[in-house]
Every structure is written in structure tokens, then in C-alpha cells.
Amino acid sequence: MRFIFKTRYEQDLNIARHGGDWFWYGLLLVLMVLAPLVLDLFYIGELTLVLIYAIAGVGLMLLVGYTGLVSLGHAAFLGIGAYTNAYFLGQGWPFLITFPLSGIVAALAGIAIGVPTLRMTGLYLAIATLAFSIIVEKVFSHWSSVTGGFDGLPVDAPDLFGYELWEPWQLYYIALVVLVLVLWGSANLLRSPTGRAMVAVRDSEVSAQSMGVNLAWTKTIAFAVSAGITGLAGALFGHFVQHLAPDSFAILLSIQLLLLVVVGGVGSLHGAIYGAIFVGALPQLIAIARDYLPPAVSQIPGLEPGLFGVILVLFIIFEPFGIYGRWRKVKLYFDLFPLYKKATFKRQKAYLKTERLR
Amino acid sequence: MTFFQADGLSIHFGGIKAVDNVNFTIEKGEIFTIIGPNGAGKTTIFNLVSRIYEPTMGRLVFQDQDITQVPAHKVASLGIARTFQNIELFEHASVLHNLLIGRHCHRKSNLLSEILFLPSTKRLELEHREKVEEVIDFLDLAVYRDQMIANLPYGVRKVVELGRALCIEPTLLLLDEPSSGLNVEETQDMAFWIEDIKNDLGITVLMVEHDMSLVSQVSDRVLALNYGRVLAEGAPREVQENAEVVRAYLGG
């Protein structure tokens, strides 16, 4: 186990806590940069998808994991980002403008849904965002002059400094850079007052208010930032599939994103990454499993969404803190070996929680 | 100048008059305690002062300013901090994190500089941290600094909540039953801290409390309530001997 001797307050502000962090995150980044040189096309594509999921996952994590607001409509923000980017690229705008624009438009949509739902939490908010997502899907299919309606919208290649980037490995590097920037920005947000206010709103609204946190403002910002990041992921998703259709952004995608956040580990940025790997790999695993299952089972329609649901439920019951939570327990077990106590992670019962102000 | 004044304060929930025409003033630098049996309206007064409830009638004046219309999240930046009867800490965060949220009303950075974590944001964060460390020293919380609230015993949480309120750097501190759920020793510590808060930090304290030994030890003046109405006001001893107060507590 590592004990850090702290002599300056800056040490608590740093994203990397010690040399070990620099080493391991650096090694991971180097491997990610080198990956396209050794992997074949199929795996580059799969990794790109995982990166895109991770960006969207970080966006949703800020809302669900840190602000405690549930959204079942994030596919809509993904779609808004994708269509905005594709439409303006089609108009001949450069990628360096359309890409940030897709994030901004999605963020504005996030404010539009965030403001009317300020007083909602939990189930009601989930239903409201679900309704929003269905409305947006209808808009995609009927606003033919912009979205191409049911025929869909072809997505031009991103262009940088006059070069068109059609190769999969080029999209992979764009997604990697965007993910690193998004992670850096989110980590910054979380170590400053706004991020703390979001956590405060999640844990106790009434005392957040008494600490001077403006609930409406904080929730709106959380919605905007979350939707904006998801919109950026959407723009990249558009380049990944190269042809947008309204049904790409249906409810199942929203559920997949929520699954990503819960399975990865609510309330940590690491969780978004683990969750993205999981959600990216799951359809492949299901496809492989189909080959080995008897036809009666493997031919069941809706096997994939069904399995998503089962996994979500199992995680909520048995490991509410997701893969990242499990990883921390395993790590602590080896850190403390042989002194690990089973009760270390048992939550202490909170007494006197009656008469809570809601 | 009036430091704090409640003028004809009333709130009715349907037919129930939870607080009914209550008047009191608090002088700067004193410890003012509200006592009364269960359901007397003590915590309701707190929620009115911290603007969580909307008064049906009456006025609240703080440092010559009418605060009856001030939104709840602006109260902290006026210099009014509070704790909660049943502890409303941010459970899935560390002690340090909780105390830093107490600094929120002194936030000067904007969203963009926070996302980029500019040097100015970092400098402001370090200033907040220094203030927080002063509170940690004052309340002896250094051992718990990096612990999660969910893992702390009740008595420590109570102190952390007091610390979080002090991080606001208030001029008026509202303590809702600071000794509830504490053992004798912890209650005594709390009494010393409340006196230190008054004497060393110069903060005026408005307190709701049931523990009469704590009340008479620290209070300068006491207000007794029952059914939302004032029974008596004055020095701790006078109020405790008041016939009506005794009847409200013992019945008869």
C-alpha cells in the first residue's frame, strides 16, 4: 500500500495523485496511441466505438453519477450532435467549426429540457427525458429538409486543414484526442466549485441550498455540460456509422448509455470508461455466444435488450458501485493482504434519518 | 442598528398555526436559544430564517436589511449559516469536500475558468483550502480530513456539520439541536465549541436545544415557545422558572 506524504495543499488538487498514476495512465495512453499500428481494421473500429461510448458515458456520468439526475433521453442529445455535425458538414462548413457547434447545439437542447424539469427528480425526470427523446426522434424522421427524413443523411468525412480523413484509424485518433480532452475538462470541473455543487445537489438538496448553491443554476449547468459532451460523442458517432437514420437514436441507445454508467460505476469517471468497454464489448460477446447456444435460445427476438436489462438489474442488486467499485475492493484486498476485513465496505447504518426535509 | 429581528413571524400549514406571531430580536455577539416541547415550532422558525419556508405573515430583518424575500441560496452569502437537526451532510464525499462546499458562497471563479482549471481558479481553490484548514484546526478534525462521511460515527458527523457552517464565515450561526444524539462527553465538547465560536470568532449564535444543562451553560437569552406562540423570554434561569414554561413541559 502506498502512503503519500502531503506537504502542500496543491497535492490534493492534482489530477494524478502520485508518480504511480503518471506511470500507469501514461502507459495506457502510449498503448492507445500505438494500438492502430498493430491491430487490424475490425478491432480499430471496435475500439473507436468504445472511445465514442466513453465520451458519451462521461457526459451522462456528470448528470447521473455526480448530480444525481437520471436521464433516459441521452440518445436524443447524441442524435442532435450527430445531425448538427452532419448537416453543417454537408453545407461545406469545416469540421473544426461543425464539431464544437454540435456540442453547443446539444448543450442548448440540454438547457431546453433541463429548465422545465428542474423540479423533477427520479422516476418523473426519467419519464420526462424519455418523452423528450421520443419527440426528438420524431423530429429527426419528419424534418426531411434538414435530416433527410427516413432516407437518412450521409455524413461527409471530417476534414482537417484541407485533408479529408476517411481512414478508420484517423477517426480513432480524433476520438482519442476528444476523449482525453473531455476527461481532462470533466476532472477539472469536478475539482472546482461547480463540480462540488453538483455533488452537493445529489446528496442533499436542502443543505446544498443553505450552503449557497443555486439549485436551478447547478442543475441547468449539469444538463448543459452533460448534453454538450454527449453531443460531441454524437458527432463522432455520425462519422463512425457514416449514414444517419432516425432509428439509430432510439430508446435502446439511451438504455445502453444508462447501463454503461451503472455497470461502470456510478459517481466516478473511471466508471464511464469501464462501462464503455463493457457496453462496446457486450454485443460482440452476445454474437459469439449465439454460435454456441441451441437455436431455440439464440433465435429469440430481443435477446440483446433483454440481456442488457438483466445485467442492469443484477448490477444494481449485487454491485451498486459497478465495475469500478469492484476493482477498488479487489485492489484494497491486495493492498491490505492479509488483513482485509469483509466488513470494510459495509455501509454503516445511518440512524436518525427521520423528518428529512425534502 | 438591528442585528436580527423577527417581526410578527407566522406560518400556517392549512389550519395549523406552526408559528404564530412570534417577535424576537437578537443582539450582535450573544447566544440566543429557542426552547420548547416537541412540535412547538422551533425548527420551523429555523426553516423560515434560512428561507426554506415562506412565512404567511411577518418580516425578517438581518443587519438592517429585510430578508423576507431573499431566495434560500442567497442567505449564506449574507452571512447566515445553519446546521440541521438530523444532519444533512453530503454522505458520499469526504470531510474535506463537505467543508469546501461550505465555501461555495465565496465562489469567484466562473464555469469556463473551472473547466480549463486556469491558474486563477487554482489560486482561489488554495485560498478556500486555507480557510477550510483553519476550521479543521479549530474543531480538531484533522484525523478525519480524508474520510468519507458515510464511514464516520454520528458524533463526528455533528462536528463536521458545525465545521461546514463555519466555513461560510457567517456572522449569524443557526444551530438546530447541536447536542441531539451526542453522549455526555460530546455534548460538553459541543458546549465549549459554541462558547469559543462566540468568544473567539465573534459569531452570533441562534440555537434550538433540548438539553437544559447545555442551554443554561452557554445561552445569554432564552425564548420559550409552545404551539407556535411565545411563552417567555429572558435569561436562562428566569425562563426555566417561569410558571407557564414549567406547565408546558410537565403538563397540568
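Modeller: Gladly; let us start with one residue. Leaving aside neighbours within four places in sequence, B:Leu141 is in contact with B:Val95, B:Ile136, B:Val159, B:Val160 and B:Gly163. Two residues are in contact if their C-beta atoms, placed from the backbone, lie within 7 Å. Please keep in mind that this is a predicted model, where local features need pLDDT of at least 70, side-chain atom pairs count only at pLDDT 80 or more, and totals for chains, interfaces and linings use all residues. Residues are numbered from 1 along each chain as its sequence is written, while chains are lettered from A and ligands numbered from 1 in the order in which they are written.

Colleague: What makes B:Leu141 buried?

Modeller: A residue is buried if 20 or more other C-beta atoms lie within 10 Å of its own, exposed if 12 or fewer, and partly exposed in between. B:Leu141 has 21 other C-beta atoms within 10 Å, so it is buried. It lies in the loop between helix H5 (119-139) and helix H6 (154-167) of chain B. Helices (H or I, at least four residues) and strands (E, at least two) are DSSP runs, numbered from the N terminus.

Colleague: Why is H4(A) described as largely enclosed?

Modeller: Because 16 of its 17 residues are buried, H4(A) is largely enclosed by the rest of the structure. This helix covers residues 74-90 of chain A and reaches 24 Å from its first C-alpha to its last, close to the 24 Å expected. The expected span is 1.5 Å times one less than the number of residues. After H4(A) comes A:Gly92, whose phi is positive, near 90°.

Colleague: Which residues touch the most other members of the largest nonpolar core?

Modeller: They are A:Ile52, A:Ile55, A:Leu236, A:Val261 and B:Val205, in a core of 162 residues. A nonpolar core is a set of buried Ala, Val, Leu, Ile, Met, Phe, Trp, Tyr and Cys residues joined through C-beta atoms within 7 Å. Helix H3 (residues 41-66) of chain A gives the largest share of this core, 15 residues. Not counting residues up to four places away in sequence, A:Ile52 touches A:Ala175, A:Ala233, A:Leu236, A:Phe237 and A:Phe240.

Colleague: How many residues do the two chains bring into contact?

Modeller: 34 residues of chain A are in contact with 37 residues of chain B. On the chain A side, H9(A) gives the most, with 7 residues. That side divides into 15 nonpolar, 13 polar and 6 charged residues. Here Ala, Val, Leu, Ile, Met, Phe, Trp, Tyr, Cys and Pro count as nonpolar, Asp, Glu, Lys and Arg as charged, and the others, Gly among them, as polar.

Colleague: What confidence does the predictor give the complex and its chains?

Modeller: The complex has an ipTM of 0.88 and a pTM of 0.89. For single residues there is pLDDT, the predictor's confidence in each residue, from 0 to 100. Chain B has a mean pLDDT of 91, and 100% of its residues reach 70 or more. Chain A averages 87, with 95% of the residues scoring at least 70. Over residues 348-358 of chain A the pLDDT is below 50. Where pLDDT is low, the predicted coordinates should not be read in detail.
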